[in-house]
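Please look over the structure shown here before reading the notes that follow. They are grouped by topic and are meant for a reader who is new to it.

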Amino acid sequence: MQVDVHVIGGGLAGSEAAWQLAERGLKVTLVEMKPALLSPAHQAPFLCELVCSNSLRSDEKSTPAGLLKAELRRAGSLVIACADLHRVPAGDALAVDRVGFSREVTARIAMHPNIRILRRVVDELPQGPVIVATGPLTGGALAEEVRAALGGDRLYFYDAIAPIVDAETIDWNHAFRQSRWDSRKVDEGVGLPAGDYVNCPLSRDQYHAFVREIRAGRKISPHGFEEPKYFEGCLPIEVMADRGEDVLAFGPMRPIGLINPKTGSRPFAVVQLRPENRYFTAYNMVGFQTRLAYPEQKRVFRLVPALREAEFLRYGSIHRNSYIDSPRLLGPELELLSRPNVRFAGQITGVEGYIESCAMGLLAAVFLAARQRGTRATAPPATTALGGLYRHVRAPRQPEERFSPTNINFGLLPPADATVRKKDRRAWMTARAERDLVPWLEEVGVRPCVGVPKTERAERAALS
Ligand SMILES: Cc1cc2nc3c(=O)[nH]c(=O)nc-3n(C[C@H](O)[C@H](O)[C@H](O)COP(=O)(O)OP(=O)(O)OC[C@H]3O[C@@H](n4cnc5c(N)ncnc54)[C@H](O)[C@@H]3O)c2cc1C
């Protein structure tokens, strides 16, 4: 078979990308290393394996995950169509029979006349157009090859993520805007206008109670294949808290250079928040990377007076995760700027989760298919979930800012009009996204993913 495109990795992103390319008439070779070699998290021979939970999260359109799935469904996603076919009861969530789901994806891909599946480990990037979708556990010779193609140390192997707070849920009676020293010199250094940091002060007693709860809180243990290896400049808060009572107060919670305008004095300690987007609807807890379990993060961080009612758009985490410095390396079509025939898709681009990875597979394929036809596809609108994710991996960052991955959340989208009542904002944003997606779908052309293949025959073909 003539080969127009290689896709490396048959996970959530690679399967979706191969399908979208093939549906657009391109001849695709999908190369998957299973079953010859299994990553520490993969176990099954099928494509599109769900390595942990069998849930693709909420299917309610008013939630970020529900909106993203709704958009993927409308864009003709293979992964979501197969998930819908193998749905198991799980309340509002789209959970699946994981074996049935992966078999279905495998069968459909194997049956596609434009796709050839090769079962082998890829150590070198092939010539010609390629999409690299090798996921969060990319390693071995291919990782070295990718690292060389990126030029320099731009492939990360761990992420250390700090939580993100919904700005609307910050108690502004207990917070104040100020940059350290409040002088231009400092602010030019961080590239933010004066006062853009939000400071959440704590008294001595509040600080000590906070440290006690960080120490006591339940932590997520590393997986067997993860080495808990931390950089000194990026330590988890619980590691700092265990090193000594005052370590956080001299580290990310240091109050130096800050005066609380409400008291006229320096607080004992602060949690600093930095804007996460240009709409100022989401704030990052500076230096708060953590292995605390999600419910514990909510409980402990809400001890900070300004965060008593805080809602978290993303929780902190630290885990093994191969991802590239996308904002600095990728062009508008998710192509490597230094080698435009190479595109990236899935978790390796700096998104987190099954559906987010699938979305990035779909986008990479749409861009590449247009390019192969001699045209260019535009990015999905910023007001859609697909557009929000795309912009997260593309938006320019401050020179000193380390890019960190995200799952889909409403903080990635422009806020609702100020005239919209608070309780109606999510519905309003959902309706806006649904409306704005239409012209983009018309532009890129949607192939509805319908019909059930003769699974048994296809499966035999897929596994042989
Ligand atoms: C331990 C763990 C638990 C997780 N739990 C969840 C969860 O509960 N919910 C959730 O939403 N997300 C979870 N994730 C994240 C989720 O797995 C990813 O978001 C998603 O699978 C990424 O999709 P992908 O296509 O980018 O990569 P993957 O799905 O990992 O697919 C990559 C594929 O590439 C293949 N491959 C890799 N290297 C090569 C090579 N050199 N040659 C050929 N093939 C290769 C792999 O075998 C694999 O099939 C978890 C991740 C891990 C590691």
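In which loop is Pro35 found? Pro35 is found in the loop between strand E2 (28-32) and strand E3, and the model in which this is seen is a predicted one.

**Backbone features in loops**

- Lys34 and Pro35 are joined by a cis peptide bond, for which omega is about 0°.
- Cys48 is likewise found in the loop between E2 and E3, and although Cys48 is not a glycine, its phi is positive, at about 55°.
- With a relative accessibility of 0%, Cys48 counts as buried.
- Leu334, which is found in the loop between H11 and strand E16 (335-336), is a residue other than glycine with a positive phi, near 60°.
- Leu334 is also buried, its relative accessible area being 0%.

**Nonpolar cores**

- The largest nonpolar core is made up of 94 residues, and those with the most contacts inside it are Leu21, Leu68, Phe101, Leu334, Phe344, Leu363 and Trp440.
- To this core helix H12 (residues 354-372) gives the most, with 14 residues.
- When residues up to four places away in sequence are not counted, Phe344 touches Val132, Val146, Leu150, Ile324, Leu330, Leu334, Leu336, Thr349 and Ala364.

**Helix H2 and its packing against H14**

- Helix H2 (residues 64-74) is largely enclosed by the rest of the structure, because nine of its eleven residues are buried.
- The buried residues of H2 are Pro64, Ala65, Gly66, Leu67, Leu68, Lys69, Ala70, Glu71 and Leu72, and they pack against strand E3 (55-58), helix H3 (78-85), strand E5 (93-96), H12, H13 and H14.
- With helix H14 (residues 425-444), H2 packs at an angle of about 20°, and the axes of these two helices are 11 Å apart; H2 is therefore roughly parallel to H14.
- The crossing in which H2 passes H14 is right-handed.
- On the H2 side the contact is made by Pro64, Leu67, Glu71 and Arg74, and on the H14 side by Arg426, Thr430, Ala433, Glu434, Leu437, Val438 and Leu441.
- Divided by class, the residues of this contact of H2 with H14 are six nonpolar, one polar and four charged.
- Gly76 follows H2 and has a positive phi, near 80°.

**Helix H13 and its packing against H12**

- Helix H13 (residues 385-394) packs with H12 at an angle of about 85°, their axes being 10 Å apart, and H12 is therefore roughly perpendicular to H13.
- In this packing, Glu356, Ala359, Met360, Leu363 and Phe367 of H12 meet Leu386, Leu389, Tyr390 and Val393 of H13.
- The contact of H12 with H13 has eight nonpolar residues, no polar ones and one charged residue.
- H13 is mostly covered, with eight of its ten residues buried, namely Ala385, Leu386, Gly387, Gly388, Leu389, Tyr390, His392 and Val393.
- These buried residues of H13 pack against H2, helix H11 (326-329), H12 and H14.

- Gln20, which lies in helix H1 (residues 12-23), is buried, with a relative accessible area of 1%.
- Not counting residues up to four places away in sequence, Gln20 touches Ala75, Gly76, Ser77, Leu78, Leu362 and Ala365.
- Pro255 lies in the loop between helix H9 (247-250) and strand E12 (269-275), where it counts as buried at 8% relative accessibility.
- Leaving aside neighbours within four places in sequence, Pro255 is in contact with Arg180, Ala249, Arg266, Pro267, Phe268, Ala269 and Val270.
- Pro399 has its place in the loop between H13 and H14 and is exposed, with a relative accessible area of 74%.
- From C-alpha to C-alpha, Pro399 and Arg328 are 9.7 Å apart in space, while in sequence they are 71 residues apart.

Terms used
Residues are numbered from 1 along each chain as its sequence is written. This is a predicted model: local features need pLDDT of at least 70, side-chain atom pairs count only at pLDDT 80 or more; totals for chains, interfaces and linings use all residues. Side-chain values use heavy atoms; hydrogens and water are left out. Axes are lines fitted to C-alpha atoms, for helices over the stretch in contact, and angles run from 0 to 180 degrees between N-to-C directions. Helices (H or I, at least four residues) and strands (E, at least two) are DSSP runs, numbered from the N terminus. Angles under 35 degrees count as roughly parallel, over 145 as roughly antiparallel, 65 to 115 as roughly perpendicular and the rest as oblique. A crossing is left-handed if the near helix is turned anticlockwise from the far one by less than a right angle, and right-handed if clockwise. Contact means heavy atoms within 4.5 Å. Ala, Val, Leu, Ile, Met, Phe, Trp, Tyr, Cys and Pro count as nonpolar, Asp, Glu, Lys and Arg as charged, and the others, Gly among them, as polar. A nonpolar core is a set of buried Ala, Val, Leu, Ile, Met, Phe, Trp, Tyr and Cys residues joined through side-chain atoms within 4.5 Å. Buried means under 20% relative accessible area, exposed over 50%, partly exposed in between (1.4 Å probe, protein chains only).
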